Structure formats: C-alpha cells, structure tokens
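Here is a briefing on a protein–DNA model.

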Number of protein chains: 2
Amino acid sequence: MLGKDARHEQAQREIIAACWRLARDEGRLGFSLKEVAAAVGVQAPSLYSYFASKNAIYDAMFADGNRAFLERMRTVPTSGSPRDTLLAAAAAFIEFCVEDPVRHQLLFERTIAGFEPSPAAYAIAGDVIELMRDEFAKLGIHDPAHLDIWTALVSGLAAQQLANEPGGSRWSGRVAASVEMFADFVFKEES
Amino acid sequence: MLGKDARHEQAQREIIAACWRLARDEGRLGFSLKEVAAAVGVQAPSLYSYFASKNAIYDAMFADGNRAFLERMRTVPTSGSPRDTLLAAAAAFIEFCVEDPVRHQLLFERTIAGFEPSPAAYAIAGDVIELMRDEFAKLGIHDPAHLDIWTALVSGLAAQQLANEPGGSRWSGRVAASVEMFADFVFKEES
DNA sequence: GTCTATATCCAGATAGAC
DNA sequence: GTCTATCTGGATATAGAC
C-alpha cells in the first residue's frame with residue numbers, strides 16, 4: 001500500500017501526465033484547468049489540493065521535461081570517436097526536440113505569459129548544461145565559444161524543423177553535415 | 001489632402017504601430033483590443049472598421065515585420081569578399097532578431113494561439129528566402145543543405161540569445177566565429 | 001465611422017459545506 | 001480531499017443609435 005504522501009505524489013504525476021497529453025493533443029500549452037480536471041476525473045477546484053496555481057503546474061511540467069531531457073542526454077553513447085559522440089549527441093537532442101513540439105516550446109522557448117520557472121526546476125536544466133560541458137571536456141573541447149556555437153547550431157536545426165516543417169526532416173536530416181562542419185572547426189588544429 | 005482610402009490606410013498603419021508599441025512594452029503579443037483602442041484614442045469596437053478581427057491585426061503585423069526584414073536584408077553590403085558578405089548578412093540577421101524580441105516571436109516562432117499568416121503575408125516571407133538564395137548563388141553556394149545549415153546556425157544564435165540572455169551578447173558575439181566555421185566548411189574545396 | 005451597451009464566453013481562483 | 005456555487009475579471013465580437 002502506498003502511504004498518504006506517496007498517493008499525493010502519484011496523483012500529482014497523473015495530473016502532469018494529463019497536462020502533457022492535453023498539450024500534445026491541442027498542439028499548445030493553453031489548456032484550461034477544467035480540461036485537466038476532466039481528464040483526470042475530478043472537478044476543477046480539486047486540482048488546487050495538488051497544485052497551488054496553474055503556474056505551479058507549468059513549473060512541474062518544466063521540471064518533468066528537463067528530467068526527461070537530462071535522462072535522454074545521459075544515454076548518448078560516448079564510446080566511439082569524438083565525431084561519433086558529437087553526432088550521437090546532436091541527433092539525440094534534435095530527436096528529443098522534434099518528437100514533442102509543445103515540450104520544446106515549454107523547455108526552450110520562453111513564451112508562456114506569466115510563467116517563470118522556479119529555481120528548483122531551473123536547476124535541473126542547469127544539470128544538463130553541466131553534463132554537456134563535462135562531455136565536451138572529455139572530447140577536448142574547452143572553449144566556451146565552441147559550446148555556445150554548438151548549442152546554437154543544434155537547437156537551430158531543431159527550431160527550424162519545428163517552425164517551418166513540423167513532422168518533416170528537412171533540417172533534422174542535415175545533422176550529419178552540420179556536425180561535420182562543427183567538428184572540422186573545433187578539431188582543425190589537431191589534424 | 002488625402003483621399004478616403006488613403007486616410008483609411010493611414011489609420012490602419014497607426015493602429016499597427018500602436019500594436020507594436022504595446023507588444024514591445026509588455027514584452028509579449030498578448031495585448032488586448034481595448035489597450036490598442038486606448039493607445040490610438042478610440043473605443044475598442046471602432047477598430048473593427050479597420051480590421052475584421054484580432055487575427056487580421058496579427059496578420060498585418062506579420063506582413064509589416066516581414067517587409068522590415070526584407071528591407072534590412074536587402075541593405076546588407078555585398079561588395080566585399082564572400083566571407084565579408086556572409087558575416088555582414090549574419091550580423092544583420094541577428095541584430096534584426098535581437099533588437100525586437102516580440103517581432104522575432106511573431107515572425108520566426110509560431111506561437112500565437114489561433115493565428116496562421118495569410119498567403120499574402122506569407123509571400124513576403126518567401127521573398128526573403130528568395131533573396132537569400134540569390135545572394136548565396138552569387139557567392140558560389142548552391143547546395144540547399146548549405147543554405148539550411150546557414151539558417152539554422154544564424155537563427156540558432158539569435159534564438160539562444162533571446163531565450164537565455166535577452167539583452168546580452170553571449171551568443172550574438174559568436175557570429176564572427178560561427179561564420180568562419182561556416183565559410184571554412186562551404187568553401188573548403190576551393191582553397 | 002464612432003459610439004454605448006451588450007452578448008457570449010471563458011479563465012483562474014476561492015468559500016464553505018460535506 | 002472533493003464537491004457545488006460563486007467571485008472576479010477579462011476577452012473578442014456584434015447590435016444598433018447617432
């Protein structure tokens with residue numbers, strides 16, 4: 001049997017899962033609390049037993065999405081050559097973005113009216129940056145400029161794909177060439 | 001004296017200008033028609049003499065922003081070396097994005113609830129693509145993949161700047177290095 | 001064209017009984 | 001914790017007089 005706190009947390013997870021489903025179905029984050037309540041089988045005011053406000057729900061989604069992002073990037077294989085690792089990381093990132101447009105919007109664009117992530121939720125996003133910096137260091141890439149150009153490049157491919165051809169592969173299919181360009185640039189002195 | 005149609009168009013321009021001001025001040029595109037009306041000195045329903053709906057206003061803003069974008073990119077100097085031209089184009093694009101975050105959101109992210117640009121407004125955006133393709137051809141860049149990677153790279157720099165450090169220059173300051181990377185890549189066979 | 005008045009609809013959030 | 005009822009506040013859009 002679950003204890004009371006565990007039940008409470010389980011209910012919170014179910015609410016957040018319903019929010020993700022609604023957002024994906026509608027293609028936007030503008031779901032109403034009434035819809036959320038209906039999706040989990042309660043009345044709207046009951047949600048306030050689990051979240052203090054709608055922004056608290058967005059915050060939980062933001063944290064949830066960043067945990068998924070961290071998990072995904074952790075599982076990128078790093079056993080091959082530096083170029084293999086870069087390609088795997090770029091492909092994983094772009095796939096993560098493209099497979100869920102509303103998650104991408106919540107995590108990487110800052111576009112919801114009055115919502116600002118809490119420090120706790122934001123810290124998870126910081127963990128991903130740290131992970132990337134560590135992995136790049138292992139590849140011999142230490143220049144902060146290179147890291148910034150990397151994030152611009154791969155997030156740019158994902159964003160162009162989502163904005164101009166959602167569901168397609170015109171930009172996401174350029175990931176190999178883009179990584180080649182980047183690797184040529186950062187490894188040029190060593191060859 | 002202005003004719004009646006010219007007056008009407010002038011009033012439309014004033015309304016759109018007020019919308020841009022409001023959006024910039026509030027940092028978002030969620031202004032209300034009541035605010036717009038107050039800004040131009042009329043009551044809200046009077047706006048319907050000039051625009052059929054709020055989405056029609058967004059559409060006019062979208063067209064207006066794309067005209068400004070086209071104008072800006074047209075004035076990029078192309079008299080220097082190919083690398084100079086690329087750098088000037090990238091810098092102009094990023095400056096255009098960063099100087100007006102809400103315009104960037106309207107033009108390049110697709111994030112307003114029920115708004116889809118009309119074909120007429122969208123055609124202006126297409127003109128910019130055409131301009132870019134022509135200029136790239138003059139530089140000897142014909143591969144569509146290179147054009148896609150270019151847009152991903154420069155729009156990625158701008159988007160990262162806006163999302164993570166609005167008002168700063170951490171990513172926009174990497175434009176020279178990024179263009180160097182890109183130019184090395186697309187011109188590599190020629191050197 | 002512009003106005004006042006209003007229709008219509010919806011949102012997030014709270015009060016208080018059970 | 002959950003419910004019903006309600007508060008409070010907004011939005012876009014229309015009707016119809018002037």
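A:Arg170 and B:Asp148 form a salt bridge through their side chains, 2.7 Å from N to O. The term means a side-chain nitrogen of Lys or Arg within 4 Å of a carboxyl oxygen of Asp or Glu. The model is predicted: local features need pLDDT of at least 70, side-chain atom pairs count only at pLDDT 80 or more, and totals for chains, interfaces and linings use all residues. Side-chain values use heavy atoms, without hydrogens and water.

**Interface of chains A and B**
- The rule finds 6 salt bridges across the interface of chain B and chain A.
- Helices H5 (101-108), H7 (144-164) and H8 (175-186) of chain B each supply at least two residues of its side touching chain A; helices are DSSP runs (H or I, at least four residues), numbered from the N terminus.
- H7(B) gives the most to that side, with 12 residues.
- Contact (heavy atoms within 4.5 Å) links 28 residues of chain B with 28 residues of chain A.
- The two chains bury about 2,400 Å² between them, 57% of it on carbon and sulfur atoms; this is accessible area (1.4 Å probe) lost on being put together, summed over both.
- B:Asp148, B:Ile149 and B:Met181 supply 24% of the area that chain B buries against chain A, more than any other three residues.

**DNA strand D**
- 14 residues surround DNA strand D (a heavy atom within 4 Å).
- A polar side-chain atom of A:Ser46 lies 2.5 Å from a phosphate oxygen of DNA strand D.
- For B:Tyr48, the corresponding distance to a phosphate oxygen is 2.8 Å.

How values were computed
Residues numbered from 1 in each chain as written. Chains lettered and ligands numbered in written order. Polar contact = N/O pair within 3.5 Å; in protein donor to acceptor, adjacent residues only side chain to side chain.
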